[in-house]
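Look at the structure below with its pockets in mind. Keep the ligand in view as you read.

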Amino acid sequence: MNKVCRFRDEDELFRGAAELILELSAKAIDKKGSFIIALSGGKTPSSLYNLLAHMPFSKELKWKNIFVFWSDERCVPSDDEQNNSNLARKMLLNHVPIPAENIFPVQVQMSSEKAALQYEQMLKAFFKEELPVFDLILLGMGEDGHTASLFPGGEEIPSGILVSAVSKPGDKTKRITFTPEIINNSKHILILVTGNNKAGVLKNVLEGKSKNAFPVQLINPKHGKLLWYVDAVAAANLKSQN
Ligand code: 6PG
């Protein structure tokens, strides 16, 4: 099930996303004692992370039952501004009572190939499953229609691989990324898209003739729900009924 939710502006969108995370985490923790989320990088989610770090969300979220992973990471030092876990720690995780052992950053001190393998092995051990099922995977979308670190013209990823070492074409920084295989196994996938610079690609992705022109179109949950949270400027070119 795919659903596009439009919001008047970023503030309303991020509040909606925070409320969704609160709702999903309460249900998951009530049912199985844990809420397992993969965070995304880039600039878009930083306002969401900041919101979650403050009342009422910081108080209402049951941090000791929440387990945090990343859907992609840049292979730069963990204190680098470009490091996705560094952003999440600065904006959120350093400000809430989440146990350190509930946070699973990518081991960027390793080579990207080793870090991807280690992350995949760690996920399988954590979930005690060959194909982990996240409660929620957060994603963004670039102006070229990439998501996580799945880029147009990027490396072919063999099937069966859940976490892959990749590079962004034209950028020497290696990355590791969740593959569509693990993303599409999630119970919920939330893609956040804001800003008029994304309006063109969003229309092509959601309403274009081709359904496999952009990496983000590989995101199709097998059993779960895909939610697009978009603000009015990013949705400006969409048909009204979408
Ligand atoms: C990353 C992200 C990436 C991001 C998009 C959108 O590590 O770069 O995971 O997929 O979500 O590039 O980035 P912005 O939110 O900065 O537009």
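Predicted model: local features only at pLDDT ≥ 70, side-chain atom pairs only at ≥ 80, totals over all residues.

Start with the largest pocket, whose volume is about 820 Å³. It is lined by 32 residues, and Gly41, Gly42, Lys43, Thr44 and Arg74 are the closest to its centre. Strand S4 (72–74) and helix H4 (84–91) each supply at least two residues of this lining. H4 gives the most, with five residues. By class, the lining of the largest pocket holds five nonpolar, 16 polar and eleven charged residues.

Now place the ligand. The space it takes is the largest pocket. Around the ligand stand 15 residues, the closest being Lys43, Thr44, Arg74, His146 and Ala148. This shell divides into two nonpolar, eight polar and five charged residues.

Next, look at the contacts made by oxygen atoms of the ligand. In Lys43, a backbone N or O atom lies 2.7 Å from a ligand oxygen. Thr44 uses its side chain: one of its N or O atoms there is 2.5 Å from an oxygen atom of the ligand. For Asn84, a polar side-chain atom lies 3.0 Å from a ligand oxygen. The ligand alone exposes 410 Å², and the protein buries 89% of that.

Finally, turn to the second largest pocket. It holds about 400 Å³ of space. Its lining has 22 residues, with Leu150, Glu155, Glu156, Ile157 and Leu218 nearest the centre. Strand S6 (163–167) and helix H6 (180–183) each supply at least two lining residues here. The classes in this lining are twelve nonpolar, seven polar and three charged.

How values were computed
Residues numbered from 1 in each chain as written. Heavy atoms only, no water. 1 Å grid on protein atoms, 1.4 Å probe; cavity = no way out; pocket = protein on both sides within 12 Å on 5 of 7 lines; lining within 4 Å. Points joined across faces, edges and corners; volume = space filled by probe spheres on them. Helix = DSSP H or I, 4+ residues; strand = E, 2+ residues; numbered from the N terminus. Nonpolar A, V, L, I, M, F, W, Y, C, P; charged D, E, K, R; others polar. Near = heavy atom within 4 Å. Polar contact = N/O pair within 3.5 Å; in protein donor to acceptor, adjacent residues only side chain to side chain. Areas by Shrake-Rupley, 256 points an atom, 1.4 Å probe, with all protein chains shown as cover. Sits in = over half its atoms within 2 Å of the grid points.
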